[in-house]
Amino acid sequence: MDTLDLEHEAATSAPAAAPAAPATVRFTSAGVRCSAWFFEATSDALATGAGRPAVVMGHGLAGTKDSGLEPFARAFAAAGLDVLAFDYRGFGESDGTPRQRVRLVDQVADFHAAVDAAARLPGVDRAGSRCGASRWPAVTCCGWPPSARTSPQWWVWYPWWTGSPPPASR
């Protein structure tokens, strides 16, 4: 059974009033524990009665979540999206050996596991959630729905092309 551990949770599933440190989340992918940050939305702009939509961010290739994803995650959170930014197995704070080895099939599996983990976070609207990415392993992942229990909308975004998150209207 997959695990999802929030190392610290917000007192409520309502958006926080001010930016705070992200919660550390751990989930499993093929038996390996992956590390993630959960940025809770700081706005109710996109909330519905079912919760808030979520974005999953994986740096891709040899990058890690602390290599530039945070400003984008905070911008998404300010726009009303919950964000899960994670390290692929063998990279950053995630477990796994060998270390620093890019293997596309593993990164795709990790992205699927991250999407499943995001759907289980408090306050997330699973039906309205989004799959986002910042590199090509997630392009492959987003080509078909993961083992989600709903039908989320899928999109892929490359921040280095624009330098900023896409407009909230997309």
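**View 1. A30, an exposed residue in a loop.** A30 is exposed, with a relative accessible area of 66%; exposed means over 50% relative accessible area, buried under 20%, and partly exposed in between, using a 1.4 Å probe and protein chains only. A30 sits in the loop between β2 (23-29) and β3 (32-39). Strands (E, at least two residues) and helices (H or I, at least four) are DSSP runs, numbered from the N terminus. Although A30 is not a glycine, it has a positive phi of about 50 degrees.

**About the model.** The model you are looking at is predicted, so local features need pLDDT of at least 70 and side-chain atom pairs count only at pLDDT 80 or more, while totals for chains, interfaces and linings use all residues. Residues are numbered from 1 along each chain as its sequence is written, and side-chain values use heavy atoms, leaving out hydrogens and water.

**View 2. An aromatic cluster of F27, F86, Y88 and F111.** Rings of Phe, Tyr and Trp (its six-membered ring) pair if their centres lie within 6.5 Å; planes under 30 degrees apart count as stacked, over 60 as edge-to-face and the rest as tilted. F86 and F111 form an edge-to-face pair, 5.6 Å centre to centre with 65 degrees between the planes. This pair links distant parts of the chain, with F86 in strand β5 (residues 82-86) and F111 in helix α2 (residues 104-119), 25 residues apart. Both F86 and F111 are buried.

View 3. A cis peptide bond joins T97 and P98, with omega about 0 degrees. Q100 is not a glycine, yet it has a positive phi of about 60 degrees.
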